[in-house]
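Hi there,

Here is the structure I promised to pass on to you. Have a look at it first, and then read on for what I found when I went through it.

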Amino acid sequence: MRLLLKITILVSLLFSFSNAKRVYKLKMATTWGPTLSPLYDAAENMAKLAEELSNGEIKIRVDAANKHKSPFGVLDMVKGGQYDLGHSASYYWKGKDIATLPFTSMPFGLTAPEQYAWFYEAGGLELMQKVYTKHGVLSFPGGSTGVQMGGWFRKEIKSLDDLKGLKMRIPGFAGEIMAKLGVQVTNIAPGELYTSLERNNIDALEWVGPSMDIKMGFHKIAPYYYTGWHEPASEMHFIVNKRVFDKLPAHLQKVLTVSMRLAAYDMYIQNYDMNATAWEKMKKDYPNIQVKTFPKPVMDAMKKANQELRDELSAKSPLLKEVLDSQDAYIKKVREWSKMSDYLYLKDNI
């Protein structure tokens, strides 16, 4: 009788073990430090959503840049298998693959709602996988900052001549455009930006928008705040090691992609509110801030330089050209509706 009881217990335990759900423990590296909200928040929120929606079958450890010490090495670390996932921005990899550039944002390009529609309804996501699978990873939208501001300037920009010799921190593709117009472009570590502006080492700088600029304090030094043109829909990205993703059961692949999509849109909402809140405080505390748009001759010159650079790069990369052509075609389709809906509504109600 005692032996039969032991056998029954053993069979019961074996049955329980055989039906126990496997837990997939994954690691995610971010480009951001833990205090860089809302960028880091998007990674944390995605990890929480994935665990909740999978009933604990997925557990993701999120490592901030100060832990893995390689903020711009996220793609390489995910590709190499040191991390299973990453959260960063696609245009950081333009030196490795220029075709990654448009998936974050392009000057004078799609707005955030337009870009999300392009990703999910007009083939943008498929093109992104075409670009990224060459690197052994999959990429998904990871949260938008929306339109980024054109930067903080010590002096008003009244003409193209005011850009000649101007020392400005503005990285990436926008920096190349500004350089063509005579700006002395530099890239400075975030922790040194305020001091560089305060000490006149630079005359202007571009960061993000009120939600993140307010923490940096640029508005205390430079009174001219220019509206955006260079990053109208800056989308962050989740990247996933393709081998890791392919090994997940189908239902967990779905959980992961849904979690990324929800966290991305949550970040866009969060950042929109943060911008509004920060700008309200900036205006109250520093009423001398002047919001400016660049004069038409300056904007026309920027657009010309932008097109020249695009043409040069597209000639070297057929895949980049395919992505840019897809975005251009979608702008032609969607922009008329954007004008009829958002633009004319705002124009008539402000």
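Predicted model: local features only at pLDDT ≥ 70, side-chain atom pairs only at ≥ 80, totals over all residues.

Strand E4, residues 137-144, is mostly covered, with eight of its eight residues buried. E4 pairs with strand E10 (residues 235-241), and the two run in the antiparallel sense over six bridges. If you want a place to start looking at this pairing, pick Phe140: its bridge partner in E10 is Phe238.

Six strands form it, in the order E7-E6-E8-E5-E9-E11, and the pairing is mixed. Its edge strands are E7 and strand E11 (290-292), each of which pairs on one side only. Inside that order, strand E5 (residues 151-153) and strand E8 (residues 204-205) run antiparallel and are joined by two bridges. There, Phe153 stands opposite Ala204 of E8.

Helix H7 comes next. It spans residues 172-180, and its buried residues are Phe173, Ala174, Gly175, Ile177 and Met178. What covers them? The cover of the buried residues of H7 includes strand E6 (167-169), strand E7 (184-186) and helix H12 (296-316). Just after H7, Gly182 takes a positive phi of about 100°.

A few backbone details may interest you, given your line of work. In general, most residues other than glycine have a negative phi, and most peptide bonds are trans. Here are the places to check against that:

- Ser37 and Pro38 are joined by a cis peptide bond, with omega at about 10°. Pro38 lies in the loop between strand E1 (24-30) and helix H2 (39-53).
- Asn55 is not a glycine, yet its phi is positive, near 55°. You will find Asn55 in the loop between H2 and strand E2 (58-63). Is Asn55 buried or exposed? Its relative accessible area is 64%, so Asn55 is exposed.
- Lys69 is another residue other than glycine with a positive phi, in this case near 65°. The loop between helix H3 (65-68) and helix H4 (74-80) holds Lys69. Lys69 counts as exposed because its relative accessibility is 64%.

Finally, some figures for the chain as a whole, in case you want them for your notes. The chain has 13 helices and 11 strands. Of its 350 residues, 49% count as buried. Along the principal axes, the C-alpha atoms fill a box of roughly 95 × 45 × 40 Å. Taking contacts between residues at least 6 apart in sequence, 76% join residues at least 24 apart. The accessible surface of the chain comes to about 17,600 Å², and carbon and sulfur atoms account for 56% of that surface. As for charges, there are 46 positive and 38 negative ones, and their mean positions are 5 Å apart.

Definitions and conventions
Residues numbered from 1 in each chain as written. Heavy atoms only, no water. Buried < 20%, exposed > 50% of the residue type's maximum accessible area, 1.4 Å probe, protein only. Helix = DSSP H or I, 4+ residues; strand = E, 2+ residues; numbered from the N terminus. Contact = heavy atoms within 4.5 Å. Areas by Shrake-Rupley, 256 points an atom, 1.4 Å probe, with all protein chains shown as cover. Lys, Arg positive; Asp, Glu negative; His and termini not counted. Charge placed at Lys NZ, Arg CZ, Asp CG, Glu CD. Pairing = 2+ DSSP bridges.
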